[in-house]
Amino acid sequence: MAFSRICVVLLLGVFLSGLNASRLVLNQELSNLFDELWRLDTNRMTPGVDYTISVQGRAGFVSPGSTVVLDHASLPLFSNVNELKMRNTTTFLRLLRLLDNYERATGVAERVTAEELTETNLFLDAILQTEVMKRTHRYLVSKGQSSTILRHFKSQLRLIWFHLYHRQRNTGPDSCGFEHVFVGELKSSTEITGFHNWIQFYMQEKGGLLDYKGYKAREHDLPDEDDHVASLQFSWHSVVKPVGSSFIGTSPEFEMAVFTVIFLMNTERSTTVLVNIDQCQMELVVIRHGRSLGTAYPKLLSSNSRHIAPQS
C-alpha cells in the first residue's frame, strides 16, 4: 500500500510539473520589440477614424465542415473603412493587388504569371522601405538570423512567405504561407483554412462573398470595437469557419514582421509565444512548412490592459 501511494504521488508530481511546463511565460524581449514595431507602424489604421467595426452577437458552436449556422450578426463586421487612405498607402495598395493571384482550393496547382511575380516583388520592395521592416531587419541581423545585405533579407521573406509548396499531395505546388494567412484557402470545398487577415476579410465582405456570423470570446470577456485582435466566425463561399483570429487595422508589414521574427527565432514545427503589444496580451502562433511558413495567427487573451494587475 505504501509503495502504491508513493507511485501515485510521483505520477501526480510528474503530471503537475508537465502542466506547469506547458504554461507560457511572457516573452519580454519580443514584447518590447513588437511594441516598438507597433509604434513605428504609421500605416496602421485607427479604429473609429479609419475604420469602424460592429462586433454584435456572440457566435455559437459550429462543427468543422458545417454549411448551416445561426447568424448572430445581422450587419457586416466592417461598417466603414477609409479606402482612400488604404489605396494611397503603398503597402496596402500592393497587398490588394496580390489578393486575386491565388487559387482558393487546395489541391489545385498554382500558375504564377510574370505579372504576378512582378506584383510580389513590388510588394516586398514596399514593405522593406517601411520603418517597421527596417527595425525588424536590424533585430534579426543582431540575432544572427539574417544577412546585413538587404537583397538577402528580401530573399528570406520571399522563401518564408511566397515559396510555393504542396499542401495536398498528388498535385503541383498549391499553396504558400502568404496565400494561407493573407488570402485563405478552401480544403475539399468543405473547410476554410487560414484566412487571418482583416483586409481580405473586409474586401470579401464588401464583395458579398463573406458573411460575418459573430464574435468568439470567453463568457466573461466581451470584445471592444478598438481591440487589435478579433476572433470571428464567418462563412466564405458558403463554407463556415467556426473561428478565425486576425489582427484588425494593422498594416501588412507589421503582421509580416512579427510572424517573420517568430519564424526565424525558432526551429520547432509549431511555436507559440506570449507577448504584450500596446494594451493587449496575446499568443502568436507560427507553424512551419519546411523552410516556409505553414500558418500564423494571433489569439487575443486580454485587451485594454485588463491583463495588468491593479497596483495596491
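Predicted model: local features only at pLDDT ≥ 70, side-chain atom pairs only at ≥ 80, totals over all residues.
**Entry 1, helices α2 and α10.** I began with helix α2 (residues 28–40) and helix α10 (residues 252–265), which pack at an angle of about 160° with their axes 10 Å apart. Angles over 145 degrees count as roughly antiparallel, so α2 is roughly antiparallel to α10. I noted that the crossing of α2 and α10 is right-handed. I then listed the residues that meet: Leu-30, Leu-33, Phe-34, Leu-37 and Trp-38 from α2, and Phe-254, Ala-257, Val-258, Val-261 and Ile-262 from α10. By class, this contact of α2 with α10 holds 10 nonpolar residues, with no polar and no charged ones.

On the α6 side I found Met-133, His-137 and Leu-140, which meet Leu-150, Phe-153 and Leu-157 in α7. The contact of α6 with α7 has five nonpolar residues, one polar and no charged.

**Entry 3, the sheet.** I then turned to an open sheet of three strands, in the order β5-β6-β7, with antiparallel pairing. Its edge strands are β5 (210–215) and β7 (239–247), each of which pairs on one side only. Strand β6 (residues 229–236) is joined to β7 by seven bridges, and I noted that Phe-234 has Lys-241 in β7 as its bridge partner. Lastly, I saw that helix α9 (residues 198–206) lies across β5, β6 and β7, running at about 120° to β5.

Key: Residues numbered from 1 in each chain as written. Heavy atoms only, no water. Contact = heavy atoms within 4.5 Å. Helix = DSSP H or I, 4+ residues; strand = E, 2+ residues; numbered from the N terminus. Nonpolar A, V, L, I, M, F, W, Y, C, P; charged D, E, K, R; others polar. Axes fitted to C-alpha atoms, helices over the stretch in contact; angles between N-to-C directions. Parallel < 35°, antiparallel > 145°, perpendicular 65-115°, else oblique. Left-handed = near helix turned anticlockwise from the far one by under 90°. Pairing = 2+ DSSP bridges.
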